[in-house]
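This briefing covers aromatic ring pairs in one predicted model. A pair of rings is described by the distance of the centres and the angle of the planes.

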Amino acid sequence: MAITIYGTLKTELASFLNRTDLAAISPSFITSAHNKLNRDLRVRDMVTRATATLDSEYSAFPSDFLEIRDIRINTDPVQTLEFITPDQQNVERNRWGNTSGQPKYFTVMGSTWQVFPTPDSNTYTAEMAYYQKIPVMTADADTNWLLTKCSDVYLYGALVHAEPYLNNDERVVIWQTLFRDAFQSLEKEDERTKYGGSTPRIRNRSFG
């Protein structure tokens with residue numbers, strides 16, 4: 001069966017497990033696989049951009065944020081902010097005091113990112129390239145780019161989490177191997193694309 005939507009993924013999962021009584025629990029297996037993919041997978045299909053007016057020291061990450069690739073300020077010329085650790089940020093602040101000006105550095109502080117120097121009265125537009133969360137699927141008709149591109153990584157990932165629940169520990173290694181192969185094939189394809197000269201799929205949106 002071709003897995004193109006969330007409903008067929010659940011059906012195929014039940015088929016692989018040879019069980020018809022898992023309708024209530026199978027979404028949790030898929031969710032566990034989904035969460036692991038969000039933690040570990042970083043490929044070009046996950047890259048997007050968000051823009052915002054930079055008028056304070058702290059800014060919130062977009063709601064679908066996973067990891068920063070870069071932040072730049074659309075000045076003339078464009079200024080790419082340099083990442084520094086919070087400790088380095090404190091060193092810079094102690095060195096220069098609470099000065100304001102065009103930001104040059106950024107660091108991550110919990111659910112926000114912080115710039116230094118603090119933006120002055122000029123208007124700065126910040127543009128962040130980041131890895132976004134893989135879209136969640138809840139309804140049977142739902143799909144996302146990853147299910148369309150590599151449905152087996154979802155299927156094998158869900159099977160890895162299903163077998164211990166069913167006390168079939170001896171089969172976990174099989175699904176782990178297949179999951180790892182599917183995962184690595186995604187990464188290898190991404191590497192080939194990078195060196196092939198293609199550009200990431202970019203969608204401009206606002207922070208928040």
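Phe16, Tyr156 and Trp175 form one aromatic cluster. In this predicted model, the count of aromatic pairs comes to seven.

**Tyr156 and Trp175**
- The rings of Tyr156 and Trp175 form a stacked pair, with 6.0 Å centre to centre and 15 degrees between the planes.
- Tyr156 belongs to helix α5 (residues 151–165) and Trp175 to helix α6 (residues 172–195), so their pair ties together parts that are 19 residues apart in sequence.
- Tyr156 has 16% relative accessibility and therefore counts as buried, the cut-off being under 20%.
- Trp175 is also buried, because its relative accessibility is 5%.

**Phe179 and Phe183**
- Phe179 and Phe183 make a tilted aromatic pair, at 6.1 Å centre to centre with 40 degrees between the planes.
- Phe179 counts as buried because its relative accessibility is 10%.
- Phe183, at 13% relative accessibility, likewise counts as buried.

**Helix α6 in both pairs**
- Helix α6 holds Trp175, the partner of Tyr156 from helix α5.

Terms used:
Residues numbered from 1 in each chain as written. Predicted model: local features only at pLDDT ≥ 70, side-chain atom pairs only at ≥ 80, totals over all residues. Heavy atoms only, no water. Phe/Tyr/Trp six-rings, centres within 6.5 Å; stacked < 30°, edge-to-face > 60°. Helix = DSSP H or I, 4+ residues; strand = E, 2+ residues; numbered from the N terminus. Buried < 20%, exposed > 50% of the residue type's maximum accessible area, 1.4 Å probe, protein only.
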